[in-house]
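Biologist: I would like to learn how to read a few features of a protein model. Could you take me through them one by one?

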Amino acid sequence: MGEVYTHQAQAVEAALAGHDVLQVTPTASGKTLGFLLPILDQLARGEGGRSLLLFPTKALAQDQLAGARRLAELAGIEGLIETYDGDTPPGLRRSVELGGHLVLTNPDMLHAALLPHHTKWAKFFADLRYVVIDELHVYRGVFGSHVANVLRRLLRLADHYGSHPAVLMASATVANPGALARHLTGRSPVVIDESGAPEGERLIAILNPPELLPGTNTRPAPLGLAVDIAAAGLAEGVPTILFVKSRRMVELAYRRLSEKVPKVRVAPYRGGYLPNERRRIEAGLRSGQLKGVVSTNALELGVDIGQLDLAVLAGLPPSIASTWQQIGRSGRRQMASMSVIVAGSEPRDQYMARHPDLFFGSPVESALVNPDNLHVLLAHLGASAFEMPFSPDETFGGTGDLTTLLAFLADGGVLRQAGGRYFFAQASFPAKDISLRTGAESNVVIVDTSAGGRPIGEVDRPSAPTLVHDQAIYMHMGRTYEVLRLDLEENKAYVRPTEATYMTDANLAVAVSVLRQDATRATGGGCVSLGDVRLTWLATIFKKIHLETGENLGWGRIELPEDTMHTRGVWLTWPDGALAEVTADRRFAALSGAGHALSGVVPILTMTAPRDVGVSSEVHSPFTGHPTVFLYDRVPGGVGLADQIYRQGADLISMASALVSECPCESGCPSCIGGEGLKADAARLLASLT
Amino acid sequence: MSLEDRLEAFRQRQKGGSSRPAGTRPALLTWEGRLAPGRPLRPRRRYLDIETTGFYDGLPVVLIGWAWAEAQDTLHFWQGSPGDLDAEGDLLREALKGGQSVVVTYNGTSFDLPRLRSRAVTWDVTLPDWEHEDLLPTARRLYGHRHIALGLSSIGRSLCGINRPPDLPGEGIAENARLFLETGERAFMDEIAAHNRHDLLALAVLDGRMAADIADAAAGPDLAFGQGRVHLAAGRPEEALAAFSRVPDDSPLSQRAGAMAGRAARLAGRMAADHLARATRPLPAPRAHLELARALERERGDVEGAIAACDAGITALSLLGDMAKGAPLMALLERRRRRLVRLIGRRRS
């Protein structure tokens with residue numbers, strides 16, 4: 001092996017000195033070596049020691065397995081280096097449990113298999129020296145909040161077995177890497193964020209497709225132009241990756257691309273493919289046998305796919321950090337590369353297309369987690385008690401005194417206090433009831449009645465009334481199913497395959513009531529406030545939308561009870577006079593337009609998907625008594641989005657105001673206020689708050 | 001909003017939940033006494049059976065039961081249960097003290113011992129290095145071909161004639177344990193202990209019956225076949241061979257006995273061909289033909305006979321019809337046949 005980069009050397013030195021380490025350097029800068037070298041060093045010295053390496057996906061762990069083994073082999077180091085996930089054969093599992101030196105796994109497996117069965121791993125935990133968390137930036141929002149608690153459980157067990165592992169982390173660029181690491185692990189690592197790796201020249205273009213009709217700001221979907229650009233690159237022999245937003249679009253884009261460049265070997269890549277198939281495609285890309293790939297964000301993470309020179313993004317990814325990750329897929333080996341972002345018609349795409357300086361000049365977003373969200377925390381406290389009884393003087397990450405929380409769980413029958421300690425008191429397996437990838441309390445299982453009651457998927461409980469109501473069309477793996485019955489008591493939706501040519505789109509009536517106001521401040525002529533809110537939502541009707549033409553084919557009623565949720569929210573309040581110039585029948589539409597623009601720029605401020613924050617407008621809010629727009633965290637209890645929106649309220653308002661005023665449409669469009677008409681009124685409302 | 005307020009709001013979203021009075025409880029509940037099963041019992045054996053609230057490692061052991069023979073027909077039992085969840089460690093320390101006897105369980109390899117090991121790690125208790133014997137695999141070998149239910153209660157009833165009175169079903173244990181913790185009423189644990197005692201008794205009686213059956217030199221074909229399997233698994237090929245030889249040719253078990261006797265003969269360093277010939281009839285048995293071909297060639301140098309066995313194996317495989325599943329075996333038979341034909345050719349030339 002030759003020399004290492006400066007950031008790798010710093011990471012290794014800090015780890016060897018016993019520090020927790022966080023590397024925050026660009027894609028392909030060799031972060032992996034920064035955490036593998038200290039681990040292999042201890043093995044080479046014959047000091048023993050086990051290491052647990054966490055990757056967000058099975059695929060990534062598999063990918064890193066080969067690299068870790070190669071490196072160990074090069075250095076002549078012996079030790080059992082193995083993945084431990086759902087694909088690990090039962091015979092091999094016992095060997096890994098007993099003698100694994102480097103165990104590569106994912107948080108879901110750690111949560112549901114390793115920690116609850118820690119007694120099988122007693123030797124491993126007792127000798128645990130390093131915990132590696134790769135792709136740290138992925139652990140944000142609900143997922144990150146869960147993972148933070150899984151890590152609390154891990155470190156608690158390590159403590160029980162008498163080990164104090166160092167935590168080595170690697171992250172793509174986010175605005176708050178140190179804070180994210182602290183929230184996730186409770187540790188304050190040495191942060192290494194100066195890359196010593198050379199980078200090739202990188203050309204980035206943001207393309208806004210031309211308006212279909214001048215003055216309407218109606219633009220074609222970005223996929224067509226993105227496919228054309230990718231095809232042009234491939235035709236010239238340029239290795240190309242095309243990122244699209246959904247699994248369905250992968251198939252569609254792949255078909256179109258194959259038609260345009262039939263002689264070039266291209267493959268589709270997405271979740272839902274069998275692991276072997278994915279490995280074959282990755283190997284094809286690495287070896288150069290495949291010249292191009294169409295992918296969802298499944299290839300955004302660091303799976304090694306070798307050298308690609310052109311990245312085309314059909315629509316702006318949900319965050320700037322994610323965008324940089326996708327762009328980083330081209331030019332991995334210090335050679336010149338190009339990336340093209342084709343803007344869609346969503347407000348944030350259009351905002352970014354008009355403000356490329358924001359993309360290039362601003363720091364990337366913060367990654368937010370809220371490990372102390374009560375829904376998440378209480379579930380993991382129960383799971384942790386299953387693993388080991390709690391003493392009241394214990395802490396659990398940064399939660400401080402646990403007595404109140406433990407007593408609460410004991411009161412609900414989850415725990416039982418005995419001899420001064422709290423024991424898990426139910427006859428169940430608590431990890432089974434916690435899905436790390438959602439904050440909802442439970443999921444609704446989709447059951448295919450034509451296949452003997454086989455479960456084919458899940459949706460989170462709050463989404464069920466709009467996605468799997470009676471007569472809804474549910475899409476899964478390219479097939480369409482009609483929902484026969486949604487049973488919310490059993491948390492099951494019964495479906496059957498159908499050949500429907502339409503999809504369904506449900507209307508949700510949401511009412512927001514303020515439970516408690518934590519903070520408020522004046523902004524322009526109004527004010528912005530933060531607090532706990534209760535959402536009450538009711539699915540009312542659904543529309544049938546033709547899959548190809550988007551034509552409205554009819555509608556139906558949804559007969560479901562209303563549901564409620566407690567979460568965090570921000571609300572912007574205008575004085576009554578703000579709507580005085582708008583006729584009474586159009587006031588709601590004007591206020592909703594302003595709300596649409598505000599919610600449209602929220603994902604640019606926070607590192608989250610557009611659907612993570614909801615919006616609701618009330619011309620006369622019972623709580624404020626004035627016109628009010630509520631922005632609320634869609635996760636029960638919130639993951640910190642509302643708090644961040646409140647802190648950046650001024651930026652939010654000015655960005656939303658700019659989005660509307662700079663939109664080239666005349667009277668409103670989906671890219672600014674969500675529909676036609678009242679653009680001037682919405683713009684005036686927003687401007688009045690600046 | 002304070003944490004208490006937030007919890008109250010959270011509570012509103014939860015269903016059920018109750019607070020329980022915390023009473024004073026003894027650290028351990030114990031039951032001790034004697035049983036007279038009226039059947040012969042084996043000395044120097046300690047029977048172990050545990051009760052838990054579920055199959056997962058993190059769930060506690062709620063009762064540990066031991067029994068051992070005091071005289072040939074008297075069974076002494078000791079059972080312990082934690083008075084509360086914090087006393088599980090005390091129970092393990094008390095109940096898992098070392099002993100010189102062989103520890104005997106039923107399904108203990110998969111359940112009782114791994115669970116005790118897991119809970120011992122949790123409570124930092126050292127599990128003694130017992131000599132252990134699990135009766136379930138032996139029962140499978142000895143009686144499995146009779147197609148009887150092999151659950152402890154079932155086999156105790158069908159084989160040993162133990163008619164246990166109606167008691168708490170196994171699936172009621174978790175609920176009884178919960179009710180005991182909630183109410184402190186010992187009666188709930190008494191029911192679990194009674195259930196456990198029935199199991200201990202069935203275990204001890206079954207052990208005696210199995211030992212007798214394994215040693216029965218005058219056993220009929222059915223039991224002799226089971227004896228052979230037990231001896232074979234225990235690494236006693238001579239005894240296995242003797243047992244399989246007592247299965248007559250007209251027994252429905254003859255063919256299987258032939259195959260196993262062939263294996264036993266090989267392990268004992270004896271000629272296997274005659275036994276394997278039994279294994280090839282009356283039903284089509286291609287693998288037995290392959291084994292026979294191997295034995296004929298190696299033991300007798302009978303290459304023509306080995307080729308005939310391969311041919312019969314290929315025919316038998318064709319008769320079975322499932323060629324996709326049988327493809328690897330067919331390849332082995334054909335490869336061996338080709339080699340044997342070449343060998344004959346070389347010898348002739």
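Modeller: Happy to! Keep in mind that this is a predicted model. Let us start with helix packing.

Biologist: How are two packed helices described?

Modeller: In general, two packed helices are described by the angle between their axes and by the distance between those axes. Here, helix α6 (residues 173-183) of chain B packs against helix α7 (residues 186-215) of chain B at an angle of about 150 degrees, and their axes are 7 Å apart. Angles over 145 degrees count as roughly antiparallel, so α6(B) and α7(B) are roughly antiparallel to each other. α6(B) passes α7(B) in a left-handed crossing.

Biologist: Which residues make the contact of α6(B) with α7(B)?

Modeller: From α6(B) come Ile173(B), Asn176(B), Ala177(B), Leu179(B), Phe180(B) and Thr183(B), while α7(B) brings Arg186(B), Phe188(B), Met189(B), Glu191(B), Ile192(B) and His195(B). Sorted by class, this contact of α6(B) with α7(B) has seven nonpolar, three polar and two charged residues.

Biologist: And in chain A, at what angle do α18(A) and α20(A) pack?

Modeller: α18(A) and helix α20 (residues 649-662) of chain A pack at about 120 degrees, with their axes 9 Å apart. That makes α18(A) oblique to α20(A), and the crossing of the two is right-handed. Among the contact residues are Leu598(A), Val601(A) and Leu605(A) of α18(A), together with Leu652(A), Met655(A) and Leu659(A) of α20(A). By class, the contact of α18(A) with α20(A) has twelve nonpolar, no polar and one charged residues.

Biologist: Now the nonpolar core. Which residues of the largest nonpolar core touch the most other members?

Modeller: The largest nonpolar core has 140 residues, and those touching the most other members are Leu53(A), Leu102(A), Ile133(A), Leu154(A), Leu299(A) and Leu598(A). Helix α18 (residues 587-605) of chain A gives the most to this core, with nine residues. Take Leu53(A) as an example: leaving aside neighbours within four places in sequence, Leu53(A) is in contact with residues including Phe35(A), Leu36(A), Ile39(A), Leu102(A) and Val132(A). A second, separate core of 64 residues includes Ile162(B), Ile173(B), Phe180(B) and Val205(B).

Biologist: What is the phi of Asn491(A), and is Asn491(A) buried or exposed?

Modeller: Asn491(A) has a positive phi of about 55 degrees although it is not a glycine. Its place is the loop between β19 (479-487) and β20 (492-498) of chain A. At 18% relative accessibility, Asn491(A) counts as buried. Arg44(B) also has a positive phi of about 55 degrees without being a glycine, and is found in the loop between β1 (28-35) and β2 (45-52) of chain B. Arg44(B), however, counts as exposed, at 66% relative accessibility.

Biologist: One more arginine, please. Is Arg336(B) buried or exposed?

Modeller: Arg336(B) lies in helix α14 (residues 323-348) of chain B, and at 13% relative accessibility it counts as buried. Leaving aside neighbours within four places in sequence, Arg336(B) is in contact with Leu290(B), Ala293(B), Arg294(B), Glu297(B), Arg298(B) and Cys310(B).

Notes:
Residues numbered from 1 in each chain as written. Chains lettered and ligands numbered in written order. Predicted model: local features only at pLDDT ≥ 70, side-chain atom pairs only at ≥ 80, totals over all residues. Heavy atoms only, no water. Axes fitted to C-alpha atoms, helices over the stretch in contact; angles between N-to-C directions. Helix = DSSP H or I, 4+ residues; strand = E, 2+ residues; numbered from the N terminus. Parallel < 35°, antiparallel > 145°, perpendicular 65-115°, else oblique. Left-handed = near helix turned anticlockwise from the far one by under 90°. Contact = heavy atoms within 4.5 Å. Nonpolar A, V, L, I, M, F, W, Y, C, P; charged D, E, K, R; others polar. Core = buried A, V, L, I, M, F, W, Y, C linked by side-chain atoms within 4.5 Å. Buried < 20%, exposed > 50% of the residue type's maximum accessible area, 1.4 Å probe, protein only.
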